[in-house]
Amino acid sequence: MKYTKTSQGAEVIKSRSMPLGPRLRTLLLLCDGQRSDTEVLATTQGMGASAADMQELLALGLIEAVGGTPRSIGTPAAASSTSRPAAGDPAPVTPAAGVPADRYQLAYRMATQFTSELGLRGFRLQLAVESAMNLKDLQDLAPRIKDALIAAHGPIKGADKAHEFEQVLSGG
């Protein structure tokens with residue numbers, strides 16, 4: 001099945017109005033209506049992208065199926081009829097809030113927000129945040145983010161924001 005960006009998805013790419021991790025952003029960029037979901041997932045396999053990430057983009061309304069009803073993402077067309085959930089089936093289970101992938105998403109959103117508040121002073125730091133591919137990368141950037149927050153917001157407010165960020169990174 002081929003997927004394309006919705007108008008909302010195109011706007012998110014252009015304006016960054018919704019903070020997306022690098023994996024989701026790359027998947028959204030590659031959903032152009034020309035490549036199949038299996039091709040897109042094969043292209044982003046090195047980043048750790050999965051069918052669940054594509055499903056998340058679909059659930060957020062950022063992508064849509066090109067011509068026809070969407071089937072389960074990442075499955076061949078022949079298998080889609082047997083793997084399609086029935087109307088009464090429950091929604092897929094999402095991981096608990098303490099799972100590292102969820103912590104990464106939350107920490108990434110926070111870091112993106114903090115660095116965007118810094119304006120041009122935080123441009124290089126924002127680029128470093130956007131290239132962070134996992135929780136460990138964000139943890140390595142935490143001291144730089146803390147220093148920037150303290151410089152921008154003062155020792156009390158900046159330290160409070162940095163402490164909140166560090167809490168998310170540590171899972172506490």
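Helix H7 (residues 123-130) and helix H8 (residues 135-153) have axes that come within 10 Å and cross at roughly 160 degrees. H7 is thus roughly antiparallel to H8, where angles under 35 degrees count as roughly parallel, over 145 as roughly antiparallel, 65 to 115 as roughly perpendicular and the rest as oblique. The model is predicted: local features need pLDDT of at least 70, side-chain atom pairs count only at pLDDT 80 or more, and totals for chains, interfaces and linings use all residues. Residues are numbered from 1 along each chain as its sequence is written, and side-chain values use heavy atoms, with hydrogens and water left out.

**The chain as a whole**

- The protein chain has nine helices and three strands; helices (H or I, at least four residues) and strands (E, at least two) are DSSP runs, numbered from the N terminus.
- Starting at the N terminus, the order of elements is β-α-α-β-α-α-β-α-α-α-α-α.
- The protein chain has 172 residues, of which 36% count as buried; buried means under 20% relative accessible area, exposed over 50%, partly exposed in between (1.4 Å probe, protein chains only).
- Of the contacts between residues at least 6 apart in sequence, 61% join residues at least 24 apart, with contact meaning heavy atoms within 4.5 Å.

**H7 with H8**

- The crossing of H7 and H8 is left-handed, which is the term used if the near helix is turned anticlockwise from the far one by less than a right angle, and right-handed is used if clockwise.
- On the H7 side, Arg124, Leu125, Ala128 and Val129 meet Leu138, Leu141, Arg144, Ile145 and Ala148 of H8.
- This contact of H7 with H8 has seven nonpolar, no polar and two charged residues; Ala, Val, Leu, Ile, Met, Phe, Trp, Tyr, Cys and Pro count as nonpolar, Asp, Glu, Lys and Arg as charged, and the others, Gly among them, as polar.
- The axes behind these values are lines fitted to C-alpha atoms, for helices over the stretch in contact, and angles run from 0 to 180 degrees between N-to-C directions.

- Helix H1 (residues 7-15) and helix H2 (residues 22-30) cross at roughly 125 degrees, and their axes come within 11 Å.
- H1 and H2 are therefore oblique to each other, and H1 passes H2 in a left-handed crossing.
- Gly9, Val12 and Ile13 of H1 make this contact with Arg25, Leu28 and Leu29 of H2.
- Sorted by class, the contact of H1 with H2 has four nonpolar, one polar and one charged residues.
- H2 also packs with helix H4 (residues 51-59), at an angle of about 70 degrees and with the axes 10 Å apart, so H2 and H4 are roughly perpendicular to each other.
- Arg23, Leu24, Leu27 and Leu28 of H2 make the contact with Asp53, Met54, Glu56 and Leu57 of H4.
- The contact of H2 with H4 divides into five nonpolar, no polar and three charged residues.
- Glu56 of H4 counts as partly exposed, at 29% relative accessibility.
- Glu56 and Leu24 are 32 residues apart along the chain, and their C-alpha atoms are separated by 8.4 Å.

**Aromatic pairs**

- The count comes to two aromatic pairs, where rings of Phe, Tyr and Trp (its six-membered ring) pair if their centres lie within 6.5 Å; planes under 30 degrees apart count as stacked, over 60 as edge-to-face and the rest as tilted.
- The rings of Tyr104 and Tyr108 have centres 5.8 Å apart and planes at 35 degrees, so this pair is tilted.
- Tyr104 and Tyr108 lie four residues apart in helix H6 (residues 100-117), about one turn of the helix, and both are buried.
- Phe114 and Phe165 form an edge-to-face pair, 6.3 Å centre to centre with 75 degrees between the planes.
- Phe114 is in H6 and Phe165 in helix H9, so the pair ties together parts that are 51 residues apart in sequence.
- Phe114 is buried at a relative accessible area of 6%, and Phe165 counts as buried at 1% relative accessibility.

- Tyr108 has 3% relative accessibility and counts as buried.
- Leaving aside neighbours within four places in sequence, Tyr108 is in contact with Leu20, Gly21, Pro22, Val129, Glu130 and Leu138.
- The C-alpha atoms of Tyr108 and Met133 are separated by 9.4 Å, with the two residues 25 apart along the chain.
- Lys161 is found in helix H9 (residues 155-170) and is buried, with a relative accessible area of 16%.
- Not counting residues up to four places away in sequence, Lys161 touches Phe114, Glu117, Leu149 and His153.
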